[in-house]
Amino acid sequence: MNKKLHALLLISVFVVATCGLIYELIAGTLASYLLGDSVTQFSTIIGAYLFSMGIGSWISKYFEKNIISWFIQLEILVGLVGGTSSTILFLVFESVASFRIILYSLVGITGVLVGLEIPLLMRILRDRYEFKDLVSKIFTFDYIGALLASIVFPLLLIPYLGLVKTSYMVGILNVGVALIVCISFKKEIKAAVYLQTSAILSMMALLVGFVYAGVITNFSESLTYADTIIYSKSTPYQRIILTKKGKVLRLFLNGNLQFSSDDEYRYHEALVHPGLQALPNAHNVLVMGGGDGLAVREILKYPNIQSVTLVDLDKGMTGLFKSNRMLLNLNKSSLLSPKVKVINADAFSWLRQDKKKFDFMVIDFPDPSNYSVGKLYTNSFYKLAKTALASGGIMVIQATSPYVAPKSFWTVDTTLRSVGFHTIPYHNNVPSFGEWGYIMATESLVYKKPTTFLPGMRFITKESLDLMFYFPKDMAKVKTEVNKLNNQVLVKYFEDEWSSVL
Amino acid sequence: MNGHPFYKGANLLSGSNRRSFLLKAGIITTGIMLNGCLRKLKPNTPYKNITGTIKGPNAKAGHILRDKLSLPVSTGTRQVKTLIIGSGISGLSAARYLKMQGHLDFELLELEDHVGGNAHSGKNNVSAYPLGAHYITIANNEDTLLTDFLQHCGVITGFENNLPVYNEYYLCFDPEERLLINGQWQEGLVPEFGLNSTDKFEVKKFFTLIEQFKMAKGNDGKYAFDIPIDNSSADDSFRALDRISFKTYLNQQKLTSKYLLWYVNYCCKDDYGQKIDKISAWAGLHYFASRRGKAANADANAVLTWPEGNGWLTKKLEADVSGHVLKKIMCYSISYNQQGKVVAGIYNITSGTTSTIVADNVIMATPQFINQRLLKEGVTRIMDYSSFNYSPWFIANITVNHLPQAKGMGLCWDNVAYDTPSVGYVNAGQQTINMVDEKRVLTWYLPLCDHEPRVARLAAYTRTYEQWMDIMIPELEYMHPGITEAIEHVECWIWGHGMIYPAVNYIWGPNRDAAKQPVNNTLFFAHTDLSGISIFEEAFHQGIRAAKQVLAIYGK
């Protein structure tokens, strides 16, 4: 055995150590991204990882012969498992309820495999060094590798490659070690061709993963969000992004914030309760938009509600809020309730065909920032909505900010009035959005202000409702045109008013 | 007054004109064929991702007429009181009016397998789309025949303060128009972006002029420009404008801004399929000054449109006369028998048999270039067929799976690029209420006006599908860089005789009036080429005018 091979094995120690630590850091980071509460997640992940490494070291004594080929196979396996781990975790996060089990299993497997590496390497090298030299050399390289990993990971890998690509890259390094060892010790190992082939195939698989990692997480996108992106998906209609910072979840559709889990209750309580609390005999409710199920969560608090029909365009959206554990906690599994019927359809066409009547209707569409969505705020749409509203019923519409976009807000009001609705505009403060506006529309002047609310409300009370109905001077009603399919004035107002803010 | 001797020629196919036509046609078609051969030599075509075909009006039937092929012997004869030939808007409107007045013994013959003529439409799994006429403007309020029809088919839903309320699903959805000019899409088609103050001033001056013409009335108290065209004032101070070209007129008014001239040219191409040098000034101004419609719920000049364009209106007209329409039945001759009745030779395209219809009277809802071949000896009209000029058109319905983003205004209904040969494209899916996914059908309109119509027509029939792509794709790429990749399918449609165009001295010259005259009070004529401008409203009134002439015979 020549000097070259010694150096090679020591470099392997260095690479293996670096990779091992990076897997640990990836698992910890992913866990705190996806599950939040980084102190707990990091501690438990590191604990589990180190413990698994211990198991690996213990198992190493059962490997008797062909240590080099075992080592090579081990490296390939570490590369494959570690390299694909973050992809697997990102993919299952969307739909698997027992996400933690998969997370800890992967951490466990990687830990065991990494734990096997150093003992096996020591045994390969044991005849080539004196024991004291061996220990000294191995641990020196091991700890230098650890230092390198801990510096490179936060400063270079995460900012420039992102989690998924980092995993694949580290996996490729592991398999690279396997391949080099395989070539160098060709004469000493059996089945060298088989090992070499599997190493090359694995390397190729990981390279493919590396190249296509962008499909899983659009890395450039993560730069535009302040918080960590934990989920992103492009549906035929929109790009859904879920971010997390600490315990706060935020949902973005096409880059626009839809809710922030720390204050969404202010929005949804204000959207639902002023209307629904005033309808003690309401049975059937229609929600249009609102695929997050948060408005439905509020609606289901009323025992008199028998059915809720949710019409949301995007199956990707309602599917996500029907399956992900974190989001189910947030919407209290509202979309899974037997009372709730989810229909993935275009609201305008659906309303044109449906002949049912509803006692309470929630119109919770995205802001009218383009001509497509703008159609859902026109007199033609409200005329249809009127035919779906049962007599004595109430319809409530999210109507953008009366503070930032007063013309837009009051256009919704004017448009509703133009088709014969009576309107009751109101507003409240939602810190993530600012001052936000809603409009209740009724066919006759039936609205009776509720004086009590269901227990458990965090925002709305009789007193806060009085404040909500009052419009200070800076949000007072302005004269606007009616928004129609053939003029789309709302989109133009909205663009003007928000462009001066953003 | 004599700048256009070509159009005054009594017989275009005589003497030097004939030679020059043959020479031009020869050079151009040879060029196209050579180009086609060269194209075949190139190993890889750049449009591999694009499928599609070229279609057009029933060419086989046309050839039977033109080439006077021998047809089988007539197998039978039947009688009908009134026969209508042609189910374009004029024919449908005539039929509808007869039925409305209780005159029920009539048949409407159509050689195609569908009604509608130039308002034809198509459909694929993305959208319905127009293959010709694709919009109308809101009606002039005094045109009660038209507003009654629009109310009847649900386009007008009621009246408020005496103004019609239009169905808002049919009023063109906003945003309506955009223009790619000086590197950016601007809203609206009148050039604005990047114009200097002189240009802007001229544009303003032009529209001030138009506003005056809009309200101008002649010494007979009639509007100078009206729809139907025959309601316009006879005052010669206005009609004199028909004797000069629009180009000459603009020159006289010292309107020379290239942006303004582009815009006016665009409008003439859009409505008449020709440029300002070919169009009479009266007709050019009529486009801008004849529409005074007011609505309770839309701006003046608001546009009504449907995914299938005016195909939607033809369906409504057809429904009103169902049971009277016979499709794939071609009339190939019209003559008189000894009793003075009209004899129509009929060819059944499906069965390949001929028969004879003997009618008391016939409404020829066919263009004059067809009548020229249908009307046989014994039918005398004192008129010059060669004064009728038709613009050829190329229309492409382009299915794209997305539209590359561009700077400025987003997708509108009508999308035009400054200074390009086409008149742009319309978004067939404009009137959808759904959140649109990325797939769309764009209807691209190209008037073939760079050569005289006969040459352009021949050239159009000669071009292959790839050669049409070579014409269309570079312009689309200019509008939307990268769009070629997004194109899935292109359905091409060629209208050899797309529409009449109002050449100098045509509208108020002698031939149009002569062609309108009935023959023996048994043959009547209804077509937009008898108006001189090819719009739905004219066709609608042409049909009613002829129907009224028929009804008069019966004292109705």
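**Figure 1. How chain B splits into domains in this predicted model.** The assignment gives chain B three pieces to look at: domain 1 covers 41–58 + 390–500, domain 2 covers 71–123 + 310–384 + 505–553, and domain 3 is 135–305.

**Figure 2. Where domain 1 of chain B meets domain 3 of chain B.** Going by C-alpha atoms, the centres of domain 1 of chain B and domain 3 of chain B sit 25 Å apart. Domain 1 of chain B brings 22 residues to the contact, and domain 3 of chain B brings 26.

**Figure 3. A look at the domain 1 side of that contact in chain B.** Strands β16 (390–400), β17 (414–417) and β20 (487–500) of chain B each put in at least two residues on the side touching domain 3 of chain B. The largest share is from β17(B), with four residues. Sorted by class, this side of domain 1 of chain B has 13 nonpolar residues, six polar ones and three charged ones.

**Figure 4. Helix α16 of chain A, end to end.** This helix runs over residues 406–418. Just past α16(A), G420(A) adopts a positive phi of about 100°.

Figure 5. Among the buried ones are K407(A), F409(A), W410(A), D413(A) and L416(A).

Key. Residues are numbered from 1 along each chain as its sequence is written. Chains are lettered from A and ligands numbered from 1 in the order in which they are written. This is a predicted model: local features need pLDDT of at least 70, side-chain atom pairs count only at pLDDT 80 or more; totals for chains, interfaces and linings use all residues. Domain bounds come from an automatic or database domain assignment. Two residues are in contact if their C-beta atoms, placed from the backbone, lie within 7 Å. Ala, Val, Leu, Ile, Met, Phe, Trp, Tyr, Cys and Pro count as nonpolar, Asp, Glu, Lys and Arg as charged, and the others, Gly among them, as polar. The expected span of a helix is 1.5 Å times one less than its number of residues. A residue is buried if 20 or more other C-beta atoms lie within 10 Å of its own, exposed if 12 or fewer, and partly exposed in between; C-beta atoms are placed from the backbone.
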